[in-house]
Amino acid sequence: MRRYVAGPGVGLGTALCTLALLAGCGGSDNGGGATSLNWFVQIQPGGSFQEVAKRCSDESNGRYQIELELLPTDASQAREQLVRRLGAEDSTIDVVGMDVVWTAEFANAEWLREFPEQEGRQVTKGVFDSVVDTATFENKLYGAPFNSNTQLLWYRTDEIKQAPTTWDEMIDEGEKIGPAGGLIQVQANQYEGFTAWFNALLESAGGHILSGPETVDLPKGPTDEALAVMGRLGNSPVAAPDIDTSTEDTARLGFEAGDSAFMVNYTFAYASAQANAPDVAKNMGFAPYPRVVANKPSRPPLGGFNLGVSAFSDHPEEAFDAAACLSNPDSQLTATELDGLPPSNQTLYTDKVVRKAYPGFADLVESSIDTAGPRPATAAYQDVSLAIQRSLHPPSSIDPDDVTSKYDELRSDLEDAVKREGLL
Amino acid sequence: MSVATERVRRFRLFRGETERGREERRLGWMLCAPAVIAMLAVTAYPIGYAIVLSFQDLDLRFPEEGGFAGLSNYGAVLSSELWWQDLFNTAFVTVITVAVELVIGMAIALVMYRAIFGRGAVRVGVLVPYGIVTVVAAFAWQFAFLPDVGFVNKLPLIADDKAWFGDRFSAFAVIIMAEVWKTTPFIALLLLAGLTTIDDGLYEAARVDGANAVQRFFRITLPLMKPAILVALLFRTLDAFRVFDTIFIMTRGAQDTESVSILGFNQLISRLNLGLGSAVSVLIFFSVLIIAFIFIRGFGVRMAEGRPGR
């Protein structure tokens, strides 16, 4: 980072863009007369995005040709690449593959076009309400819901007779087995997944992080319950040894290694275990995401991609059509079949493709998405997420018996974050 | 000819400057003009732009807001506990890595200098780590220390499930080791250059006078190498102070291992708060200037040391 002190590297970015244009990357028309559209989206290993891009290009009868521009799988890294381009008003982006938490930020920055009413109705037909909310900002639709995602509780049926319903029960059962086989895998690295975990716990306890785009909610009772769960697991002998650096991937690897009894993770974990650890997969049970309070249903994390149309695209009409095609039920089923991504369209859960991808737990995935607790919608989302990570990480720093000081720290950091004040 | 130009002419004559000297100086300026213009375009302009941004309230996510912010961005940075914490982290990594690198680098320089056979192979071998991209080196070290895929945890006397990046001390240890491994060759190379300038006759004379190897090192090598050592230290300290890649790959600043560069990155790229982020960048720039000032004024580093013809 030699150039770092010199500023945000605006000049370099411009130079690279110019090079890209010279190389023809930004060209809008190819020889056949089809408009070339660039779809920026996080890479998926199964190849479903390539497949749907090709199908939609073919179905457009020569109107447009969709080129895939792949972004890193890590959501933060993908976002960094996108916002640098969008911030520089880069017209090479036509269709934006957006993580569900980016909508408010991108829309407020005026980087996205609002979906016209007719297209809007078309792309949200049959889609979970919880998912449509993630594509909406100030009552305007900015994204076509493509796939959704949610977390389940995965456990070892050979160790655990009946899946626990609460976090406390789960930690009790794990501790009964001990660290040699009773580990619990979560996502608690200092990254976005940590915010997703805290939000799910708080939502499950009946609270919210924000009550409006710039107002902190954080009701004392539910927040204390959520913090106590984090602190208890963080200080428990059955927390995974790498809990402070754990991600979706380390959790999956840890579970596949065989010394874990429990894991909360997205649906990809099932197919992964089938492929990598058949012995573990044989005894892999699934249950709803654990509750925080016994008498309140859990509200699991909600993930997934929405497809937006860039405000700087030179071909918005074609881009809206492409976004609609890329996210239509056929495309969603392709993503389910090849990459195990759950559809955002609720009516698809009876389809045989979905039943086959989630043997025995398709209904559980559906109800989990339906009752999920979305992360807060605010243009200052990054600030909010960073503040949560800063004040609560690592989970072992939370004293489960007395969370008052952590609560105060979190509250004051969040008050600053929604006002976008101070360093984060 | 006006009185003023006549005065200038007399002054120049007084200084012993000839017409020819002036011509040469002009030619000199013209020859280096392209380089100066390029430097201004790629260095002075971005620095100036960052300074302008740092006085503004500018957040790309909130295009309607903004305006002149005065010193409030600087106030926000300097009053933040985080800035001082990260400044401490950065200084800590800088001091430890540069100190370790100086000792190892000196040893390697002596080996390279004294190598009797395979001199070329030794020098190339030593330089390999420096030729590896920092991000690649950081990933290699990270993988080595990951409990599930790395080899370090499988070594004897090390707990199999030790999460190296899970606590501050061990995370810093790995970061510093990776930095030292990567940049020691740079120091060694600069020191080797200093070693070659020492006249062998001095050692022979000392030997005749009965000085042993330790005395020769401390009485001859070190004093004569002082300029080279200070230049090496200055370059490496400035470099180490901007540590970014290794920490970014390994912890992304978690476990309280964040450096000021990562802090700036978070404000600029994650939060898109260009005003606040530029203030951090400008403060880093001033920190670097202060370090350079201390070296040049305090320790008397002379960048032009050893230049012939003076």
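This is a predicted model: local features need pLDDT of at least 70, side-chain atom pairs count only at pLDDT 80 or more; totals for chains, interfaces and linings use all residues.

Visitor: Why is B:Ala41 called partly exposed?

Guide: Buried means under 20% relative accessible area, exposed over 50%, and partly exposed in between (1.4 Å probe, protein chains only). B:Ala41 has 45%, so partly exposed is the label. B:Cys32, at 32%, gets that label too, because its value falls in the range in between.

Visitor: How far is B:Ala41 from B:Val288?

Guide: In sequence they're 247 residues apart; in space it's 21 Å, C-alpha to C-alpha.

Visitor: Which kinds of element does chain B have?

Guide: Chain B has 12 helices and zero strands.

Visitor: How does the radius of gyration of chain B compare with that of a compact globule?

Guide: The radius is taken over C-alpha atoms, and the globule rule is 2.2 Å times the number of residues to the power 0.38. For 310 residues a compact globule would come out near 19 Å, but chain B has 25 Å. The C-alpha atoms of chain B fill a box of roughly 80 × 75 × 30 Å along the principal axes. As for burial, 43% of the 310 residues of chain B count as buried.

Visitor: What makes the link between A:Cys56 and A:Cys325 a disulfide?

Guide: The cut-off is a pair of cysteine sulfur atoms within 2.5 Å. Those of A:Cys56 and A:Cys325 are 2.1 Å apart, so the pair qualifies. A search of the whole structure finds one disulfide over all chains. A:Cys56 sits in helix 2 (residues 48-59) of chain A and A:Cys325 in helix 13 (residues 316-326) of chain A, so the pair ties together parts 269 residues apart in sequence.

Visitor: Why are A:Cys56 and A:Cys325 called buried?

Guide: A:Cys56 has 0% relative accessibility, so it counts as buried. A:Cys325 has 9%, and it counts as buried because that is under the cut-off as well.

Visitor: And what is the handedness of the link?

Guide: It's left-handed, with -90° about the S-S bond between A:Cys56 and A:Cys325.

Visitor: What makes the backbone at A:Asn61 and B:Leu157 worth a look?

Guide: Most residues other than glycine have a negative phi, and most peptide bonds are trans. Phi of A:Asn61 is near 55°, and phi of B:Leu157 is near 75°. A:Asn61 is in the loop between helix 2 and strand 2 (64-71) of chain A, while B:Leu157 is in the loop between helix 6 (134-145) and helix 7 (168-196) of chain B. A:Asn61, at 72%, counts as exposed, and so does B:Leu157, at 91%.

Visitor: Which peptide bond is cis?

Guide: The one from A:His393 to A:Pro394 is cis, with omega near -5°. A:Pro394 is in the loop between helix 17 (381-392) and helix 18 (404-418) of chain A.

Key
Residues are numbered from 1 along each chain as its sequence is written. Chains are lettered from A and ligands numbered from 1 in the order in which they are written. Side-chain values use heavy atoms; hydrogens and water are left out. Helices (H or I, at least four residues) and strands (E, at least two) are DSSP runs, numbered from the N terminus.
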